Amino acid sequence: MMVGPNYRVGKKIGSGNFGELRLGKNLYNNEDVAIKLEPAESRAPQLYLEYRFYQLLGTQVGVPKVHTFGTCGKYNALVLELLGPCLEDLFDMCNRKFSLKTVCMVGIQLITRLEYVHSKHIIYRDIKPENFLVGRRSLHGDSTVHIIDFGLSKEYIDPETGNHIPYREHKSLTGTARYMSINTHLGKEQSRRDDLEALGHMLIYFLRSRGDSSPSLPWQGLKADNLKQRYKMIGDTKINTPIDVLCEGFPTEIGTYLRYCRTLDFFQLPDYEYLRHLFWDIFEREGYKDDGVYDWTKVPSKASSSSAPRSSGTTGVPPRATPAAQAAASPASPEQAKAPATAPPAMPRQQPPPADDEPCCGCFGGGKRR
């Protein structure tokens, strides 16, 4: 099978609600690629919408390249840059334990990724470890974390009026229950604040792990008669778990991060630099070095025995800079900027996730973006 004249479709390497993920080859330059396939007659097609978001995002560090969108027999096809493993797989590789240093560096990178996505008037709405992939070790890219899979994303600025979407309630759940914000559980329309709160839940998930398969978050593994009831139990547990209890034993900045995100207004522009500085404060107080070494970079690669030496400052973590330099380097806020461009990939996990990790969209499983 082919996508256009250049891309040959290879073996299946993953699957998800959208369809299949396959390995591919660019016959023009012999480059390996990832190809997402979706049945052309799907009742809720998402690939073209995802392609459109990638076009809006353009070329940026941590956003994968998109090569083309087309058809392949009875399928729609999205051809993307082939990346390395996701954070959940890396977590498993590290015996389900990330160091504080690694969590801080991942947090700083992903705040920057979300700031960029938000600057393009997009909210992500599906924070989970499976949606963040590092680059391929063979290309020395495994210190850069990429954000992938925009199938549940949504524009929060109306492209015609330039206005923020209105605040609404009684919305159906969209995202992954384990990590989604409290306001999402309460049926409130999502905005930038919800992406950042969900990121906080994911980072705490990494920090609280005891290095085994036992639940690390208080709302994991809850038993219920049906999915709707389980989601309500997860939301209630999040509401009733004090931040100080959730973050007990961790630097105070972790609780400060989550507290800040939960107090943001629906329309409010988050202070991304303040949030990054919380993690930099931990980083510097603990005496960590920005040396590009994450927990997974210490683990021998199964795919390759060779690894290039890493030089200082190659972590993919934005270094601290003067306020002027930070302002020049940061993407413009959604209120300031409207800009399009090109970019992404995806490698869903092949094993079914636990119940509280199942993505939910629409009425507990529908495929609509609302």
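**Fold and helix packing**

Of the 370 residues of the protein, 52% count as buried, where buried means under 20% relative accessible area, exposed over 50% and partly exposed in between, with a 1.4 Å probe and protein chains only. This is a predicted model: local features need pLDDT of at least 70, side-chain atom pairs count only at pLDDT 80 or more, and totals for chains, interfaces and linings use all residues. Residues are numbered from 1 along each chain as its sequence is written, and side-chain values use heavy atoms, with hydrogens and water left out.

Me: How many helices and strands does the secondary structure of the protein come to?

Reply: Helices (H or I, at least four residues) and strands (E, at least two) are DSSP runs, numbered from the N terminus. On that basis the protein has 10 helices and 12 strands.

Me: Which percentage of the accessible surface of the protein belongs to carbon and sulfur atoms?

Reply: Accessible areas come from the Shrake-Rupley method with a 1.4 Å probe; for residues, only the protein chains shown count as cover. The surface of the protein comes to about 16700 Å². The share of carbon and sulfur atoms is 51%.

Me: What share of the contacts in the protein with a separation of 6 or more comes from residues 24 or more positions apart?

Reply: Contact means heavy atoms within 4.5 Å. Take the contacts with a separation of 6 or more. Residues 24 or more positions apart account for 69%.

Me: Are H3 and H5 roughly parallel or antiparallel?

Reply: Axes are lines fitted to C-alpha atoms, for helices over the stretch in contact, and angles run from 0 to 180 degrees between N-to-C directions. The axes of H3 (residues 100-119) and H5 (residues 192-208) come within 11 Å and cross at roughly 165°. Therefore H3 and H5 are roughly antiparallel. Angles under 35 degrees count as roughly parallel, 65 to 115 as roughly perpendicular, those over 145 as roughly antiparallel and the rest as oblique.

Me: Is the crossing of H5 and H8 left-handed or right-handed?

Reply: The axes of H5 and H8 (residues 252-263) come within 8 Å and cross at roughly 155°. That makes H5 roughly antiparallel to H8. A crossing is left-handed if the near helix is turned anticlockwise from the far one by less than a right angle, and right-handed if clockwise. The crossing of H3 and H5 is right-handed, whereas that of H5 and H8 is left-handed.

Me: How do the residues of the contact of H3 with H9 divide?

Reply: The axes of H3 and H9 (residues 272-285) come within 9 Å and cross at roughly 170°. That makes H3 roughly antiparallel to H9. Among the residues in contact are Lys101 and Glu115 of H3 and Arg276 and Trp280 of H9. The division is 11 nonpolar, 2 polar and 3 charged.

Me: Which elements do the buried residues of H1 pack against?

Reply: H1 spans residues 47-57, and its buried residues include Leu47, Glu50, Phe53 and Leu57. They pack against S4 (31-39), S5 (66-72), S6 (75-81), H3, S7 (122-123) and S10 (154-155).

Me: Is His170 buried or exposed?

Reply: His170 sits in the loop between S10 and S11 (175-176). Its phi is near 60°, a positive value in a residue other than glycine. Most residues other than glycine have a negative phi. With a relative accessible area of 76%, His170 is exposed.

Me: What separates the C-alpha atoms of Tyr28 and Asn6?

Reply: Tyr28 is in the loop between S3 (19-26) and S4. Its relative accessible area is 71%, so Tyr28 is exposed. Tyr28 and Asn6 are 22 residues apart along the chain, and their C-alpha atoms are separated by 6.0 Å.

Technical notes: Nonpolar A, V, L, I, M, F, W, Y, C, P; charged D, E, K, R; others polar.
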